[in-house]
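Here is a friendly walk through the contacts in one protein model. Please keep the sequence and the 3D view at hand as you read.

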Amino acid sequence: MSAVEIRKVTDKKSLKAFIDFHYELYKGNQYDAPNLFSDDLHTLSKDKNAAFEFCEAEYFLAYKDGKIAGRIAAIINHRANEKWGRQSVRFGWIDFIDDIEVSKALFEAAEQWGREKGMTEIVGPLGFTDMDPEGMLLEGFDQMGTMATIYNYPYYPKHLEQLGGWEKDNDYVEFKLIVPKEGMPEKFKKIAELVMKRYNLHPTHPKRSQVFGKEQVGRKVLDVVNKTFGHLYGYSQMTEAQIDEYLKMYFPMLDMNLICLIEDWNTPNHDIVGVGISITSMTRALQKCHKGRLWPFGWWHCLRALKFHKAECVDLMLVGILPEYQQKGANALLFYDLIPIYQKYGFKWGETNVEMETNEKVQSQWQYLEHTQHKRRRCFKKNL
């Protein structure tokens with residue numbers, strides 16, 4: 001049995017190898033939604049990702065028989081640790097061949113780095129912030145992944161069980177929602193019309209010029225996200241620099257018809273109190289991008305999906321209602337507005353992406369749609 005060698009990522013060449021390993025390990029997999037190379041490069045670059053204002057990280061590659069056999073990122077989010085009163089080193093970007101010696105060496109490298117930094121536990125998979133994919137897939141290995149989540153082979157959680165010392169820290173569930181072929185679920189219609197009449201809340205769609213213009217709608221949307229998600233597991237509020245970064249990275253690609261904002265017309269400026277951001281599923285398009293590159297032909301597949309909605313699935317990327325409006329049925333307005341658009345675009349189903357298993361408020365809104373819980377994922381923890 002040959003030994004496993006762990007090497008730190010120290011330059012652009014080794015960072016490229018770190019990113020490329022996922023594409024090689026999952027080549028031809030029909031369920032994995034690979035990230036764009038440029039997105040991972042941006043996120044992992046310490047001079048580009050705004051999260052490095054309050055995070056630090058080290059990346060490790062495992063070599064066996066002269067070839068890369070695994071990778072892991074070790075991350076410390078100091079803001080999240082301070083907020084939640086923990087001393088956690090996170091692990092993310094975890095991939096390895098089905099070899100227990102490889103996974104063991106990778107986790108030991110991340111754990112040792114965490115100890116050297118004074119951390120008392122390791123948790124993950126987590127990214128720098130909640131805007132990065134999180135949670136290791138436990139159920140739903142035969143379901144199509146999404147660009148907002150992690151796909152992993154079934155042997156990953158088996159390795160953690162075999163290595164020992166790991167326990168559950170948090171579980172997420174995901175649902176497949178069937179888009180009605182026609183019409184609107186009567187319950188959504190009743191609640192939405194009541195909410196509009198009683199509370200003077202109304203759905204609208206932003207214009208692209210408003211997102212980046214003087215109205216600063218994009219910034220207001222992310223401010224709602226900050227206030228809505230602030231109490232959730234491991235969340236650290238986005239900084240101004242991060243908000244700027246996400247606006248530039250993601251909003252230009254969004255279809256404004258698939259963004260629903262809820263406005264409170266009782267306020268002089270029709271304040272935004274809720275947001276639902278959805279996007280045509282990019283999974284099949286991303287699978288056609290060679291090693292996550294848009295060139296030479298990947299751009300066409302992505303453009304085709306985004307502009308012409310050439311997919312049967314829509315991804316619900318973000319759904320957030322300000323806490324003080326959550327008891328008013330405001331979330332029904334989102335789907336009252338968006339379901340007709342999903343029908344027009346020909347979407348057959350939607351992916352909720354991750355929801356904490358304990359978040360009954362979020363899960364209760366799916367009761368009026370045909371739905372199935374088809375995935376489960378977990379964040380693990382281990383004392384150091």
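Lys16 is partly exposed, with a relative accessible area of 41%, while Asp20 is buried at 4%. Here buried means under 20% relative accessible area, exposed means over 50%, and partly exposed lies in between, with a 1.4 Å probe and protein chains only. The two residues form a salt bridge, their closest N and O atoms being 3.1 Å apart. They are four residues apart in helix α1 (residues 12–25), and therefore separated by about one helical turn. Helices (H or I, at least four residues) and strands (E, at least two) are DSSP runs, numbered from the N terminus.

A word on the model itself: it is predicted, so local features need pLDDT of at least 70 and side-chain atom pairs count only at pLDDT 80 or more, while totals for chains, interfaces and linings use all residues. Residues are numbered from 1 along each chain as its sequence is written, and side-chain values use heavy atoms, with hydrogens and water left out.

**Salt bridges**

How many salt bridges does a search of the whole structure find? It finds 28, a salt bridge being a side-chain nitrogen of Lys or Arg within 4 Å of a carboxyl oxygen of Asp or Glu. The table gives some of them.

| Salt bridge | N to O distance |
|---|---|
| Lys16 and Asp20 | 3.1 Å |
| Glu193 and Lys189 | 3.1 Å |
| Glu357 and Arg376 | 2.8 Å |

Glu193 and Lys189 are four residues apart in helix α6, which separates them by about one helical turn. Glu193 is partly exposed at 34%, and Lys189 is partly exposed at 31%.

Glu357 and Arg376 form a salt bridge that links distant parts of the chain: Glu357 lies in the loop between β13 (355–356) and α13 (360–364), and Arg376 in strand β14 (residues 371–383), 19 residues apart. Glu357 is partly exposed, with a relative accessible area of 28%, whereas Arg376 is buried at 17%. Salt bridges that share partners join Glu139, Lys168, Asp171, Glu357, Arg376 and Arg378 into one network.

**Aromatic rings**

Rings of Phe, Tyr and Trp (its six-membered ring) pair if their centres lie within 6.5 Å; planes under 30 degrees apart count as stacked, over 60 as edge-to-face and the rest as tilted. By this rule there are 22 aromatic pairs. Phe188 and Phe335 are stacked, because their ring centres are 5.7 Å apart and their planes are at 25 degrees. Phe188 lies in helix α6 (residues 186–199) and Phe335 in helix α12 (residues 330–345), so the pair ties together parts that are 147 residues apart in sequence. Both Phe188 and Phe335 are buried.

Tyr345 and Phe347 make an edge-to-face pair, 5.9 Å centre to centre with 80 degrees between the planes. Tyr345 is buried at 16% relative accessibility, and Phe347 is buried at 4%.

**A covered strand**

Strand β4 (residues 88–96) is mostly covered, with nine of its nine residues buried. Which strands does β4 pair with? Strand β3 (residues 67–77) and β4 pair in the antiparallel sense over five bridges, and Gly70 stands opposite Phe96 in β4. Strand β5 (residues 121–124) runs parallel to β4, joined by three bridges, and Arg90 stands opposite Val123 in β5. Strands count as paired if DSSP finds at least two bridges between them.
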